[in-house]
There are 2 protein chains.
Amino acid sequence: MKHIEASEIEKMEKIFRLNLINSCTGYKSANLIATKSKSGNPNVAVFSSITHMGSDPAMLGFVTRPLNVSRNTYQNIRDTSYFTVNHIHEKMIEQAHHTAAKYDEEISEFHKTGLNEEYLDDFHAPYVKQSEVKLGCKYLNEYHIKENDTLLVVAAIEHIYFDEGIQMPDGWLRLDDAGTVAINGLDGYSLPSLLDRFHYARPNQEVRSFFSKEKN
Amino acid sequence: MKHIEASEIEKMEKIFRLNLINSCTGYKSANLIATKSKSGNPNVAVFSSITHMGSDPAMLGFVTRPLNVSRNTYQNIRDTSYFTVNHIHEKMIEQAHHTAAKYDEEISEFHKTGLNEEYLDDFHAPYVKQSEVKLGCKYLNEYHIKENDTLLVVAAIEHIYFDEGIQMPDGWLRLDDAGTVAINGLDGYSLPSLLDRFHYARPNQEVRSFFSKEKN
């Protein structure tokens, strides 16, 4: 196996390091965050750092640099408190990646990428019409990560929209039925398919699949 | 589309809510965190919250509850500062899921699950021999998320091991060449395959694939 240590990582060329370090932690979630500014400009941007934070209360988090390409997203969230999280699917990976281009603040990525705004149940922020799983979120707090000057933004999940066909009777959403993708590194879009789903693991018992009835 | 709002989420049966909220944010990374206690007991546990935090310096983070099944992992990290992050691959999803069972502290999941310890370059914590991408990490800090009493643990990536065949010339690790999986919800293991990889997005330009040379 190839071995790379800290001193070599520090000395790497910047893009090489970005590619390696962004891919070495495994697959990342693939979502579009959409917001609307105080003055009414909609904004949509791809994020790969959205992470489940807890179920009760229902919370998610994401990491951002206040001054990078996502600054419009961050500023709109701070100004209005509301944003939406919209899954990226196989059919829209090019449009989703296009939202990472640095357009001026007054230009909406919705107009440039072919993604469509959708307003649901009087929520302030737009949803992405093409997304088959979408969340309406409210800003709760942020934590400054002093080790690299990033922010962890923490939010409440207030609305969930999805096609009923992808939900199993126990609440679980089967994401490959929605064609949701995952991100490999900064710029790789991958389509997962379910291998198996397992029951709660108990000591000294074989792991049991949801699908192989003979084992249950 | 099915619409669920905050008041309904709060009233849901606990397991139903866990399944829904854990799956609605998209795919999660699939890793095993391995540690060794002060007294020398190794420990390994599945984590789906490991997230890229930054490339320079190379950092990752994960979310944990100090008092849940992962408490041995957390305590060992606090006591020794070191842990490893090991990708979960298609061939080992049953063993990986088995590590979530609540074994007593003195019982190593390595002995119960068929996963093997491996010690590399005098690093304190064990790696998982079966993993094809593994990271040696050092605890840097933690942030208490007061909204739900969880901790975000932040760590430096000090060692990276991988099979050279999965790395592209620009540093990127092609994870489907390693058979790395992603997690859907709490207990679904999915195998992604790469759809496409795109060049840096620029305003008013078509998104360009790494693979379709005629477009470049």
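A nonpolar core is a set of buried Ala, Val, Leu, Ile, Met, Phe, Trp, Tyr and Cys residues joined through C-beta atoms within 7 Å; buried means that 20 or more other C-beta atoms, placed from the backbone, lie within 10 Å of a residue's own. In the largest such core here, with 119 residues, A:Leu32 and B:Leu32 touch the most other members. This is a predicted model, where local features need pLDDT of at least 70, side-chain atom pairs count only at pLDDT 80 or more, and totals for chains, interfaces and linings use all residues. Residues are numbered from 1 along each chain as its sequence is written, while chains are lettered from A and ligands numbered from 1 in the order in which they are written.

**Around Leu32**
- Leaving aside residues up to four places away in sequence, B:Leu32 touches residues including B:Val44, B:Val46, B:Ile88 and B:Val128 (contact means C-beta atoms, placed from the backbone, within 7 Å).

**The sheet**
- An open, antiparallel sheet of six strands runs in the order 2(A)-12(A)-13(A)-13(B)-12(B)-2(B) (strands are DSSP E runs of at least two residues, numbered from the N terminus; they pair if DSSP finds at least two bridges between them).
- Strand 2 (28–29) of chain A and strand 2 (28–29) of chain B are at the edges with a single partner strand each, so one side of each has no neighbour in the sheet.
- In chain A, strand 12 (residues 182–184) and strand 13 (residues 188–197) pair antiparallel over three bridges.
- A:Ala182 has A:Ser190 of strand 13 as its bridge partner.

**How the copies relate**

Methods: Helix = DSSP H or I, 4+ residues; strand = E, 2+ residues; numbered from the N terminus. Buried ≥ 20, exposed ≤ 12 C-beta atoms within 10 Å, placed from the backbone. Contact = placed C-beta atoms within 7 Å.
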